[in-house]
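Student: I would like to learn how to read the features of a structural model one at a time. Could we take each idea in general and then turn to the case at hand?

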Amino acid sequence: MMKLSTGDKVLQLFIYIILILLGFVTLYPFWNSLVISFNMGSDTSLGGITFWPRVPTFDNYEVVFQDSRIGQAFMISILRTLTGTILSVLFTAILAYGLSRHELIGRRFYMVFCIITMYFSGGLIPTFLLLREFGMMDTFWVLVIPGLISVYNMIIFRTFFLGLPAGLAESARIDGCNHIGVLIRIILPISGPVVATLSLFTAVYHWNDWFSASIYINDPSLIPIQTLLKQILSSNIVTDQLQSVGNAAAQDRLALVQSVTTKSLIMATTMVATLPIIMVYPFLQKYFVKGVLIGSLKE
């Protein structure tokens, strides 16, 4: 190992301190929210909760999981994330493959046309009217189809496909495979890092999106967890949650209401809505740099 000079050691120590501080600033708000979610709400209102629960309790999560709306919204979010991610990655890859083929007539025009949509759109009202005319209002598919194609992801896919050896597709075509077969059986299987990275980007978008449902969905049974969380943050829905806790005895219900506050319930709901997507990151983190760089540097 190369011996470091005193100046290099000081610089390295300074970099480590900066990184530790940045990590603390980034992680502490999430950790504090987790601590508050496990602390008795009436005690949290007194302040002073920092790194550890002062009066540990599961009452906040008991209220959250006993509310049927939370479970229904959770399932809608899971279904939307899985369906939206699979369809979006598939259709985006199909578009990118088509635009990567040199024999496609007018492919530069189509590429420019796609890029223009990244900077200009019809706006919220025309989009609302269009989806209403298609009969998609208050349906599950209004959460999936409008975001089916991502031009940003398509560009990464296309750039990666352009960097692949042309002989792969040509040999498959000679053997009688059509373009869909080439994409599904040849191209996508060797595009693992890009597919994994863009799948995670798409999944995070679908899981975190609360705005679409707040505009296009009126049916409470179709509201995803993030939209329900937004309603909890901006309305008096907490009172309804406390009133809907099971059929427990009156004294137990009274004790539960006294121990749970709006803030503690919000933190518990936030943890329920956030932890599932965070748990996906460790499994796909190794693909991030490799997938994005491969798809963005080759041309």
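Student: Is Thr-83 buried or exposed?

Tutor: The general idea is a set of cut-offs on relative accessible area, calculated with a 1.4 Å probe and with protein chains only: buried means under 20%, exposed means over 50%, and partly exposed lies in between. Thr-83 has 18% relative accessibility and therefore counts as buried. Its place is in helix α4, where a helix is a DSSP run of H or I with at least four residues, numbered from the N terminus. This is a predicted model, in which local features need pLDDT of at least 70 and side-chain atom pairs count only at pLDDT 80 or more, while totals for chains, interfaces and linings use all residues. Residues are numbered from 1 along each chain as its sequence is written, and side-chain values use heavy atoms, with hydrogens and water left out.

Student: How far apart are Thr-83 and Val-144 in sequence and in space?

Tutor: Here one sets the separation along the chain beside the C-alpha to C-alpha distance. Thr-83 and Val-144 are 61 residues apart in sequence, and their C-alpha atoms are 7.5 Å apart in space. Leu-148 and Leu-87 are likewise 61 residues apart along the chain, with 6.7 Å between their C-alpha atoms. Leu-148 is placed in the loop between α6 and α7, and at 16% relative accessibility Leu-148 counts as buried.

Student: How many salt bridges does a search of the whole structure find?

Tutor: In general, side chains of opposite charge can pair when their charged atoms come close. The criterion for a salt bridge is a side-chain nitrogen of Lys or Arg within 4 Å of a carboxyl oxygen of Asp or Glu, and the search of the whole structure finds two. In one of them, Arg-80 is joined to Asp-209, with the closest N and O atoms 2.7 Å apart. Arg-80 lies in helix α4 and Asp-209 in the loop between α10 (192-208) and α11, so this pair ties together parts that are 129 residues apart in sequence. Both partners are buried, Arg-80 at 0% relative accessibility and Asp-209 with a relative accessible area of 12%. Glu-103 also forms a salt bridge, with Arg-101, where the closest N and O atoms are 3.2 Å apart, and Arg-101 counts as buried at 19% relative accessibility.

Student: Where is Gln-226 found?

Tutor: Gln-226 is found in helix α12, residues 225-234, and Gln-226 is buried, with a relative accessible area of 11%. The C-alpha atoms of Gln-226 and Asp-209 are separated by 6.7 Å, although the two residues are 17 apart along the chain.

Student: What is the volume of the largest pocket?

Tutor: A pocket is found on a 1 Å grid over the protein atoms alone, as an open set of points where a 1.4 Å probe fits, with protein on both sides within 12 Å along at least five of seven lines; lining residues have an atom within 4 Å of a point. Grid points are joined across faces, edges and corners, and a volume is the space filled by probe spheres set on the points. The largest pocket here has a volume of about 840 Å³. It is lined by 25 residues, of which Thr-117, Ser-121, Pro-146, Gly-147 and Ile-149 are the closest to its centre.

Student: Which helix gives the most to the lining of the largest pocket?

Tutor: Helix α6 gives the most, with four residues, and α4 (68-100), α5 (107-119), α6 (124-133) and α11 (211-216) each supply at least two.
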